[in-house]
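Me: I am new to this structure and would like a close look at one part of it. Please keep the answer plain and define the terms as you go.

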Amino acid sequence: MKISRLETFADQYVGFVRVTGDDGCEGWGQMSPYNADITAQIFHRQIAPYALGQSALDIEGLVDLIPRREHKFPGSHLVRALGGVDTVYPDLGNGLGDAAAAERVANARLMPSGPPVVSRAPDPTPRDGEIHTWRVSGDVYLLTGDGANIAVQVGPQGAFIVDAGSGKLADKVVAAIARLSAKPVQFIVNTTFRPDHTGGNAKLQTAGADPSLTGTFFSMQFQGAGRAATIISQLNTQVRMIDQKLPAPPSDTFVSDRRRKYYNGEAVEIFPMRNATTDGDSIVHFRRADVIVTGDIFTTTEYPHIDTKLGGSVQGEIDALNFILDRTVYVHDEDGGTMIVPGHGRVTDEWDVADYRDMLVIVRDRVQALLKTGATLQQVLAARPTADYDVRYGATSGPWTTDMFVEAVYTSLKTPPTTGRVK
Ligand SMILES: [Zn+2]
């Protein structure tokens, strides 16, 4: 029996639907009583076209099908109708006739300000003293619990690690990797020099081995070559670690725009990101699993930790995020596609990276506009150019506050980095 007729009977407070089949059979249903007369119009516009001609005996399948067909605007009609007042600004500005008044309206929109907000950025990193393992995609896993995120790719050749954590739980990290891989760690990539990413270097390195080095030219270069994992990074990361006397700096460095490995049957690419949070960041792309490990360039927990003294800049950050977005692929209407392992926070996909990039572009443009008026740092801070993002990424205390971030944006726009580009 197919649905041949759909009728609604509604007033503002109650609404019924009569369904008639092609054999004349009838059935009644009820819509939500909330503004039922409006709902009846929606019923005829958005429900009926998909229901007519379908089997009346498979209502369940129909209820499943219709939201998929009407996927474009899943929000309520209230939100859509709200656009009617929410989008009035530009026209209102034009109507003011006075350019200065229009400008004020535009700026009122551009520069929201408000009192400082305490950080509410959700940080899912467990702090129970244990290492937690989560499969991201393919043979790539995420280990959390010891500072920055650790990514592990496993396979017949051994384990390939991106970042080593803070080192406080290094023994547990080694044990967690051993549960994923019977073979030792062969390669460790450091995406940055920062201790929460490199503190575990020494222990993870000595727990590993790099058979590709024994008996080669490199085995004569340094003692113990091959008897531990090889740590890889762009040159500036090694330079920073040696400068700051951090233990176990990388021994295998590169200055090219791409470092390639083929490991465990998978293409692995390492890209240096110039002048992003520092002049020493890298990202790693596992191409078969299609997982990108971003280091501190992207986090879900805070504003990017741009260190202008070490060659970081807001423009380099935006460039790096655009570089990542040039490599990602999304799944239409769903989570997934290229998976992103951030330096800190939860695993995600392209959507969050694009949102983060947009946020940085907006903040950059606001600070740039203030700079053009000759604003001092104090005036820029007072204008609160990040106000509408502070709830998500801001902090008023801790190692990386909102004010420190705004200062970094201001400084790197005023004096863009000129050093740090190793070529
Ligand atoms: Zn970090």
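In what order do the five strands of the open sheet lie, and what is the pairing?

Reply: This is a predicted model, in which local features need pLDDT of at least 70 and side-chain atom pairs count only at pLDDT 80 or more, while totals for chains, interfaces and linings use all residues. Residues are numbered from 1 along each chain as its sequence is written.

The open sheet has five strands in the order β11-β12-β13-β14-β15, and its pairing is mixed. At the edges lie β11 (259–263) and β15 (339–341), each of which pairs on one side only. On average, neighbouring strands of this sheet are turned by 20° against each other, direction ignored. Strands (E, at least two residues) and helices (H or I, at least four residues) are DSSP runs, numbered from the N terminus. Two strands pair if DSSP finds at least two bridges between them. Axes are lines fitted to C-alpha atoms, for helices over the stretch in contact, and angles run from 0 to 180 degrees between N-to-C directions.

As a general point, strands of a sheet pair through backbone hydrogen bonds, either parallel or antiparallel.

Touching here refers to contact, which two residues have if their C-beta atoms, placed from the backbone, lie within 7 Å.

A residue is buried if 20 or more other C-beta atoms lie within 10 Å of its own, exposed if 12 or fewer, and partly exposed in between, with C-beta atoms placed from the backbone. Just after α9, K245 takes a positive phi of about 55°.

P247 sits in the loop between α9 and β10. This proline counts as partly exposed because it has 13 C-beta neighbours inside 10 Å. Leaving aside residues up to four places away in sequence, P247 touches N201 and A202. The C-alpha atoms of P247 and T198 are separated by 8.3 Å, although the two residues are 49 apart along the chain.

Of its 423 residues, 39% are buried. Among contacts between residues at least 6 apart in sequence, 59% join residues at least 24 apart.
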